[in-house]
Amino acid sequence: MGDREVWLGDEAVAMAAVHAGISGVYGYPGTPSTEIFEAVEAVALREGIHAHWSANEKVAYEEALGMSFAGRRSIVTMKHVGLNVAADAFMNSAVTGVHGGLVLTVADDPGMHSSQNEQDSRYYAHFALVPCLEPADQQQAYEMTREALDLSEAVGLPVVLRLVTRLAHSRASVLPGPRVPQKPLDVWRDPMTFTLLPQNARIQYRRLTEKQADLLHRSETSRWNVLSDGPRHDRGFLVNGIAWNYLMEAFGGECPHPVLRIGQYPVPVDLMRSLVERVEEVVVVEEGYPFLEERLRGIVGIPGKAIRGKLDGTLPRTGELNPTIVAASLGLPVAQGLRPTLGEVPGRPPTLCPGCSHTDSFLEVREAMKPYGDLRVFSDIGCYTLGFYSPLNAIHSCVDMGASISMAAGAAHAGARPVVAAIGDSTFAHSGITPLLTAIRQNVDFTVVILDNGTVAMTGTQKTLATGEDLDRIVLGLGLDPDHLKVIEPHKMRAEEQVAIIRREIEYPGTSVIIARRACVQALRRGVV
Amino acid sequence: MKTDIILSGVGGQGILTIAFVLDNAALSRGLHFKQAEVHGMSQRGGAVYSYLRIADRPIWSDLVPEGQGDMILSVEPLEVQRYLHYLSREGVVISNTAPHKNIPDYPEEAAVLSALLDLPRCVLVDAAAIAAAGRQPKAQNMAMVGAATPFLPFDLADYEPFVRRLFEAKGEALVQGNLAVLRMGWNVGRTVQQLLTQGVPTRQVNSFLLRVTPETVDPDRANEVAVALHGPGAEAFLQEAGGKMPLDAALARCR
């Protein structure tokens, strides 16, 4: 037992995992999950915990599964869209099951503060048939992470811990619990369990389905799923995670209606029934997609009961919730604040830093493409996505990690010309290598610009796996014609010469790669490059 | 008791350092707090904010409900306008005077400050001048914390252990310098608070104090300021554009 600590939700998860005896933390940076990994990393040497960023979320998840195979505990950290990348490993790890405790800590981003969608990871847990825990505050984040590791070993399955931005990135005081030591090495012996040949996988999948009754029982009796009563039964509430906080805020801490609060999945069926039976209508207040609402409503609804929520427009379908939205949706009083005293308040969108190498790279690419009229630059996930904004207006796509290269290739297949892809060094290591390999083998007529600033800049200058000469060798190793690999240091002073290089490679009717290499100004300031 | 604060500024201005100091002060007082912040994309020079809620009872939401905020503490004067709908009618704005002009359509600086003086309760803080007076040019955020503190459930002494933790690696002089900047900020905040309580308009109080060298601002002499603001020279003094002068000189100009 320690003193109270001031922790982000992310840090509470991290320290809980350390206190619960993890031997490894795995992950790829992604807002709002990054600080989980970083908080473990900060104590990893002292604690003897393996902590190295992986090339992508799939690699991270598989490494964690390997650690589980060897009998030791670990957590994997990623943002919600990272789970799409890790989904193959994740789905199949439910079929293999786990040995040492494995918890996937995934941070969703309702409202898309720093993401390209607001997908809800509870669907993944449901899809994979594994338990999911969902904290409402920092103390729960701590306690649930520890419970999740225990639960993972008790049921022999990976467990999902779902966070959302407003908990991941909110601080409060947390009372830590006692520490337990790391587990000894205990390598799994049965050759069948983790070898998902159809013959074995059928057995394992049946075992997974047979575990469901136990998982449901655990949810029904979980201390995180609580049905509370109230004097007024005209209405009842079904809420998840931090939506409970907003409901309590709206009612000033005392809700006069029955409330079923969900923090553990699979959905507790009996508890849901008990709620429905005692009220005339159920309002489902959920942070995320209408997951509980869809399960409750089914296709035909419940005769004689009104079910309100995101599907009928009682609450907004998109964006994150907040206490004001919840109060207003329920017809509760909302206070009026002050009005702006300055007529027009201009927006202040994020921008590339002063002196950023990406700015010079984009200006040169734009200049090089000028003779061709329309600019077609497929781009990717990172700081350089800010190249979308005026005055650069330099990119035309950002879909998922690595999509710049594959989409550019597809456009080139269709006959578009010239086609340029712009991708950062870390995104290239994450998911750019395989599409470039594919393109080189076809000698696709396009140019890939790798913006090598030597760091994972957007998420806070984490270590990148492929930069400098290592990156050059990777690109050449994929089979690129060495005559069409050009390395430049983008700079206004040499713009004319560099624009000419880029233009020559764009004109070349085959695959070419420009590596625009200059260190990130943030990383230089922090001394990490 | 509850104090709901919106911290605002521009990515890179260090509002999280302010949050760190205030969070720990709340913890050491045994108060409940929740502090939601923004990381990632928006930190790149964009508008950033953080909600900090402090109370003597459990806090439900990490986010401040609209119209219920008690304070906007902003390290940039234009950014205040973005969050006024969170502020209750009794709420106070504590704002730095220095604009951060990283957008092409930044309004005229005088208009930005004048708009803040239209608010019922506002403390304008020349954080750069206070930090310079303490010979800690980087301690502008400490000046802001100091100015906000008379409106918070804290004393300056609450911050000392955390200021020490933040700066002790860089030497005792830096610790003492930051504490001095906190004190000068507090003097400004406390003086404005007393004058506003007495019904002196926001515009007059702040226009006067911005003309006074920070090291001479003294909350124990708030009454003298109130009296001087009724003096024959006050209106002309407040309207002229000019540099800072010691408190005595400013009082003399008004009388």
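A residue counts as buried if 20 or more other C-beta atoms, placed from the backbone, lie within 10 Å of its own. By that criterion, five of the five residues of strand β8 (residues 170-174) of chain A are buried, so the strand is largely enclosed by the rest of the structure; strands here are DSSP runs of E with at least two residues, helices are runs of H or I with at least four, and both are numbered from the N terminus. This is a predicted model, in which local features need pLDDT of at least 70 and side-chain atom pairs count only at pLDDT 80 or more, while totals for chains, interfaces and linings use all residues. Residues are numbered from 1 along each chain as its sequence is written, and chains are lettered from A in the order in which they are written.

**Pairing of β8(A)**
- Strand β1 (residues 5-8) of chain A pairs with β8(A) in the antiparallel sense over four bridges, where pairing requires at least two DSSP bridges between two strands.
- Within this pairing, A:Arg171 of β8(A) stands opposite A:Leu8.
- β8(A) also pairs, in the antiparallel sense and over three bridges, with strand β2 (residues 32-36) of chain B.
- In β2(B), B:Ala36 stands opposite A:Ser170, and B:Lys34 is the bridge partner of A:Ala172.

**Contact between the chains**
- Chain A gives 43 residues to the contact and chain B gives 47, with residues taken to be in contact if their C-beta atoms, placed from the backbone, lie within 7 Å.
- On the side of chain A that touches chain B, the elements giving two or more residues are α7 (165-168), β8, α10 (243-250) and α13 (323-329).

Conventions:
Buried ≥ 20, exposed ≤ 12 C-beta atoms within 10 Å, placed from the backbone. Contact = placed C-beta atoms within 7 Å.
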